[in-house]
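Hi,

Here is the structure I promised to pass on to you. Have a look at it first, and my notes on what turned up follow below.

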Amino acid sequence: MSDDFLEQDVRYVKGVGEKRANVWADAHGVRTVRDLLHFYPRRYLDRSTITPVERLQESPDPVTVVGTVQSTNIVPGKSQKRFELILQGERGGRMKCTWFQGIWWVRKAFEKGDQLAVHGKVEQYGRWFSMTHPDFDKLNDEGAILDTGRIVPLYPGGEAMEKVGLTSRSIRRILYNLFKEHGLKLQETLPERIVEHCDLMEGRVALRAIHFPKSQSERAQAEQRLKFEELFLIQLMLAQMRQQQDEVAGPAFDAPGEHTKEFVHDVLPFELTGAQKRSLREVIEDTQTGVQMNRLVQGDVGSGKTVVAVAAMMHAYDSGYQSAFMAPTELLAEQHYQNLLEYLQPLGLEPRLLTGSQTKREREEALRALRSGESPVAVGTHAIIQEEVEFDSLGLAVVDEQHRFGVAQRAEMFEKGQQPHMLLMTATPIPRSLAMTLYGDLDVSKIDEMPPGRKPVETQLRSEKRRGEVYAFLRDKLEQGQQAYVVYPLVEESEKMDLKDAENGYENLKKQFPDYTVGLVHGQMKSDQKENAMARFKDGTIDILVSTTVIEVGVDVPNATIMLVEHAERFGLSQLHQLRGRVGRSDQQSYCILMAGYKRSNEAKQRLEAMVRTNDGFEISETDLKIRGAGDFFGTRQSGMPDLKIADITEDTDILEEAREAAFSLVERDPHLRSEEHQRLRRRFEETYAAEGLGFARVG
Ligand code: ADP
Ligand code: MG
């Protein structure tokens with residue numbers, strides 16, 4: 001018996017048809033019968049989980065209430081119109097539901113007498129309990145099924161779905177018929193031994209139970225099984241990438257040579273921390289094996305990743321190989337180039353910069369020096385690899401800020417036969433669960449130790465009202481000979497940018513601080529102007545450096561102790577953390593002052609609070625992940641990961657670990673999924689990744 005029907009177009013399923021199929025595909029990517037079966041309910045209703053209106057109270061967790069629409073009303077309000085709906089519970093109690101946005105649409109959506117299930121957080125206003133923008137479902141004549149004690153699944157919807165009649169109710173009917181006809185044909189995709197060993201519900205049972213659970217415990221088991229399956233497939237891909245990598249030959253480097261030692265012991269004015277030494281040792285070991293290295297160096301802002309990378313590049317050089325150092329933006333590349341110049345010149349070596357803003361002559365000259373092998377290090381964006389810059393002997397590729405590239409990009413990076421060792425660096429420490437997924441195919445070195453003598457940066461949130469106070473504080477620090485950054489947001493680095501804010505701020509600060517030198521850098525300045533300003537800040541000529549986010553990463557001026565961020569509410573959390581990382585680079589107490597307007601979105605509030613609460617990069621990124629959701633954290637497409645439909649990387653860590661272990665041990669036993677018992681799995685795997693367009697996931 002085959003599972004071919006799973007790949008059939010959903011339009012031929014009873015109750016769907018062309019029009020609905022199109023909407024379903026557009027709205028939720030449901031195209032095949034398989035997609036349909038995996039179109040999971042977003043919530044369930046059952047008597048035991050409904051809160052009676054009479055028993056409502058304020059609480060941080062959302063609750064579900066069922067009732068009848070008693071009235072609807074558009075209320076003018078002081079600053080903003082709103083839509084209010086009064087819901088009456090079965091025993092006569094009443095509550096309010098309020099919408100501030102999309103009020104014309106919701107007004108049309110409800111009628112007096114409609115039976116609704118609403119889901120949201122409850123707040124109390126006077127004598128009313130109220131939900132704002134609740135998630136809702138119209139039950140109408142369906143309310144009665146709740147009385148039968150059944151658990152009713154509610155599906156993802158939306159206006160378009162509703163227009164073609166794809167309501168939770170009709171979806172239930174479609175699925176019900178589908179299960180009646182095909183349910184028994186569904187075959188187990190996971191190998192029997194995994195199902196048994198991990199104590200999973202059978203696939204066919206789980207699919208039925210996720211849509212039509214007989215009890216909450218059955219639903220929970222089904223969920224567990226389907227989450228496992230989803231995460232398992234991802235881990236299987238990673239395990240295979242890993243396996244393939246272990247088969248890829250890489251240049252065999254020698255034991256650490258002269259330049260490596262000289263750099264570490266003579267050029268660097270400090271001793272490496274224990275964590276840096278360990279990371280470097282791991283790199284050196286990897287690169288000597290003859291197998292390509294794929295290593296991620298993970299460490300918080302300011303932990304000193306750059307020097308580890310530079311030492312690794314010297315190690316490549318000592319072994320007769322060149323290195324490429326790649327940053328996500330040109331600005332960053334330029335900054336790294338400056339650092340590298342300082343590090344390499346004492347060793348008599350000359351790195352070459354490749355950027356789009358260079359003159360043709362400069363670029364040609366750099367390309368020549370790399371092609372001939374005269375220059376040991378290329379610095380640039382990762383266009384270095386994509387544009388096929390020619391090297392005499394490329395042996396190591398360093399990718400800074402790795403979190404901005406995903407698995408897919410990494411896989412694509414070196415398709416053309418070049419197999420240098422890969423050293424990836426991320427300044428955003430990411431939660432372990434996400435690391436297992438995004439970097440699940442890599443070895444990881446952690447720099448979990450800050451250079452000695454650092455004091456944690458003190459972070460303060462201030463509003464416009466207290467600007468005078470903030471400036472007084474700033475003046476005080478300047479008098480002590482310290483320096484400050486003042487940063488303004490830019491919407492898009494690459495677009496023609498609105499510099500007004502930064503320029504106005506610059507003029508204003510010059511007036512406020514006539515006794516001090518104020519400088520300005522922004523992305524539209526020419527490289528040499530920028531470098532000049534940076535150099536004058538570094539040598540202390542400039543006291544206050546006003547900038548756009550140019551300085552987000554990589555800049556290093558230890559005497560700067562104040563980071564003043566304007567419009568802090570507009571910055572992302574990891575960006576704020578990066579900015580804060582520009583100070584606190586010496587033994588002086590440093591400060592990060594976040595100036596924020598009162599108009600803050602809920603998310604902005606959470607970001608700012610997190611900044612004040614903690615300096616810990618891991619906590620910051622956990623929070624970031626929670627605020628933004630995993631899909632958005634790196635951008636699913638960017639990360640090259642299939643969308644997660646049911647599992648939640650932040651919450652399902654236990655399942656993730658189990659799935660990872662199972663996948664890796666399976667690939668160890670049967671690397672190419674050739675054995676008989678793995679055939680169905682192999683098909684499912686290929687279909688999953690083919691559908692996601694992840695062509696690189698091939699099974700040998
Ligand atoms: P990041 O990990 O954010 O890339 P950097 O590599 O820019 O950090 O290093 C941050 C700062 O710490 C730099 O000024 C660097 O010179 C300094 N640094 C790095 N390692 C050490 C060390 N072991 N001891 C003292 N200072 C160090
Ligand atoms: Mg760095």
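This is a predicted model: local features need pLDDT of at least 70, side-chain atom pairs count only at pLDDT 80 or more; totals for chains, interfaces and linings use all residues.

Helices (H or I, at least four residues) and strands (E, at least two) are DSSP runs, numbered from the N terminus.

Residues are numbered from 1 along each chain as its sequence is written, chains are lettered from A and ligands numbered from 1 in the order in which they are written, and side-chain values use heavy atoms, with hydrogens and water left out.

**Overview**

The chain holds 27 helices and 21 strands. Of its 700 residues, 55% count as buried (under 20% relative accessible area; exposed is over 50% and partly exposed in between, with a 1.4 Å probe and protein chains only). Taking contacts in the chain with a separation of 6 or more, 74% come from residues 24 or more positions apart; a contact here means heavy atoms within 4.5 Å.

**Two helix pairs**

Helix 11 (residues 274-287) and helix 12 (residues 305-318) have axes that come within 10 Å and cross at roughly 30°. That angle makes helix 11 roughly parallel to helix 12. Axes are lines fitted to C-alpha atoms, for helices over the stretch in contact, and angles run from 0 to 180 degrees between N-to-C directions. Angles under 35 degrees count as roughly parallel, over 145 as roughly antiparallel, 65 to 115 as roughly perpendicular and the rest as oblique. The crossing of helix 11 with helix 12 is right-handed. On the helix 11 side the contact uses Gln276, Ser279, Leu280, Val283, Ile284 and Thr287, and these meet Val307, Val308, Ala311, Ala312 and His315 of helix 12. By class, this contact of helix 11 with helix 12 has seven nonpolar residues, four polar and no charged. (Ala, Val, Leu, Ile, Met, Phe, Trp, Tyr, Cys and Pro count as nonpolar, Asp, Glu, Lys and Arg as charged, and the others, Gly among them, as polar.)

The second pair is helix 13 (residues 330-344) and helix 20 (residues 527-538), whose axes come within 12 Å and cross at roughly 55°. Helix 13 and helix 20 are therefore oblique to each other, and their crossing is right-handed. Leu331, Glu334, Gln338, Asn339 and Glu342 of helix 13 make the contact with Ser527, Lys530, Glu531 and Lys538 of helix 20. Here the classes come to one nonpolar, three polar and five charged residues.

Six strands form an open sheet with parallel pairing, in the order 16-21-20-17-19-18. Two strands pair if DSSP finds at least two bridges between them. At the edges are strand 16 (458-462) and strand 18 (518-521), each pairing on one side only. From one strand to the next, the twist averages 20°.

Within the sheet, strand 20 (residues 560-565) and strand 21 (residues 591-595) run parallel, joined by four bridges; Leu564 has Ile593 in strand 21 as its bridge partner. Helix 18 (residues 467-479) packs on the sheet, touching strand 16, strand 17 (483-487), strand 19 (544-547), strand 20 and strand 21, and its direction makes about 155° with that of strand 21. Helix 20 also packs on the sheet, where it touches strand 17, strand 18, strand 19 and strand 20.

Ser547 is buried, at a relative accessible area of 0%.

**Around strand 6**

Four of the five residues of strand 6 (residues 128-132) are buried, so strand 6 is largely enclosed by the rest of the structure. Strand 4 (residues 94-99) runs parallel to strand 6, with three bridges, and Lys96 is partnered with Ser130. Strand 5 (residues 115-125) pairs with strand 6 in the antiparallel sense over three bridges, with Gln124 opposite Phe129. Two residues lie between strand 5 and strand 6 in this hairpin, and Gly126 in the turn has a positive phi of about 60°.

Happy exploring!

Key. A crossing is left-handed if the near helix is turned anticlockwise from the far one by less than a right angle, and right-handed if clockwise.
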